[in-house]
Amino acid sequence: MTYCLGMNLDAGMLFASDSRTNAGVDNVAKFDKMRIFAKSGERVIVTLSAGNLSVTQNALGLLDLRARENPEAVSLWNARSMFAVAGLLGEAMREVRRRNEEYLRLNNIDASATFIVGGQIADEPHRLFLVYSEGNFIEASQDTNYFQIGEVKYGKPIIDRVLTRKSSLSDAVKLAMVSFDSTMRSNISVGPPIDVLLYRADSLVAAPVHRMEEDDVYFSRIRRGWSDGLRKAFTELPDPGWE
């Protein structure tokens with residue numbers, strides 16, 4: 001299991017992913033769930049993946065292979081829109097599942113996987129998409145301006161209460177860290193390191209990925225501050241009076 005989060009704001013975008021993958025409680029490994037495809041001044045595309053690791057890795061590998069074999073064909077490096085990018089990723093997902101799903105099913109292996117893909121290509125605004133295992137996809141909107149994949153339920157309530165399109169990138173980072181903390185406290189299959197990338201609208205430059213390890217000072221402050229704040233808020237709630 002994993003947890004990935006993408007936010008689409010007026011100020012830009014936030015992408016965050018944990019790096020843990022499990023094949024049982026005694027077999028824990030770390031794999032990057034974030035991939036970046038960028039040409040400075042032209043495009044910044046970020047993918048986050050959850051689900052069957054071989055399916056997501058093969059889907060991205062297939063896109064890389066096709067781009068190298070036929071540089072003139074539509075690819076992540078020359079697609080004219082983020083809509084086209086989401087379509088390419090969906091097609092790659094269908095192809096990989098078509099090849100492998102029967103054999104995985106024979107061994108009781110779940111072949112499902114999902115992607116969050118977002119970014120900006122010159123001449124259009126930044127956009128965010130959720131690509132399903134079947135290859136179809138939806139786009140974030142004004143009303144729903146974030147997507148989660150993987151272990152989504154524990155970190156969702158705080159996002160729903162706070163996030164808006166007008167939220168700052170700084171607030172988005174704090175909100176993402178609280179969401180990850182809530183998830184990690186309830187599910188041991190999600191854990192650090194956590195990779196975070198901030199994209200500023202219209203910059204067309206990929207900022208460095210910030211990696212937060214278990215002992216990251218900022219993440220520790222967020223976790224401690226959020227826990228203390230919740231306890232304080234709870235003690236200040238009114239008593240029922242009819243008990």
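**Loop residues and overall form of the predicted model**

Asp123 is exposed, its relative accessible area being 86%, where exposed denotes over 50%, buried under 20% and partly exposed the range in between, computed with a 1.4 Å probe on protein chains only. The structure is a predicted model, in which local features need pLDDT of at least 70 and side-chain atom pairs count only at pLDDT 80 or more, while totals for chains, interfaces and linings use all residues. Residues are numbered from 1 along each chain as its sequence is written, and side-chain values use heavy atoms, with hydrogens and water left out.

Asp123 belongs to the loop between strand 7 (113–121) and strand 8 (127–131), helices (H or I, at least four residues) and strands (E, at least two) being DSSP runs numbered from the N terminus. The phi angle of Asp123 is near 80 degrees, a positive value in a residue other than glycine. Most residues other than glycine have a negative phi. A positive phi, near 50 degrees, is also found at Leu204, which is located in the loop between strand 11 (194–200) and strand 12 (210–212). Leu204, however, counts as buried, with a relative accessibility of 11%.

Ser81, in the loop between helix 1 (53–69) and helix 2 (82–106), is likewise buried, at a relative accessible area of 17%. When residues up to four places away in sequence are not counted, Ser81 touches Ile121, Glu124 and Arg127, contact meaning heavy atoms within 4.5 Å.

Taken as a whole, the protein contains 5 helices and 12 strands. Its radius of gyration, 19 Å, is close to the 18 Å that the globule rule gives for 243 residues, so the protein is as compact as a globular protein of that length; the radius is taken over C-alpha atoms, and the rule is 2.2 Å times the number of residues to the power 0.38. The C-alpha trace spans about 70 × 45 × 35 Å along its principal axes. Of the 243 residues, 48% count as buried, and among contacts with a separation of 6 or more, 64% are accounted for by residues 24 or more positions apart.
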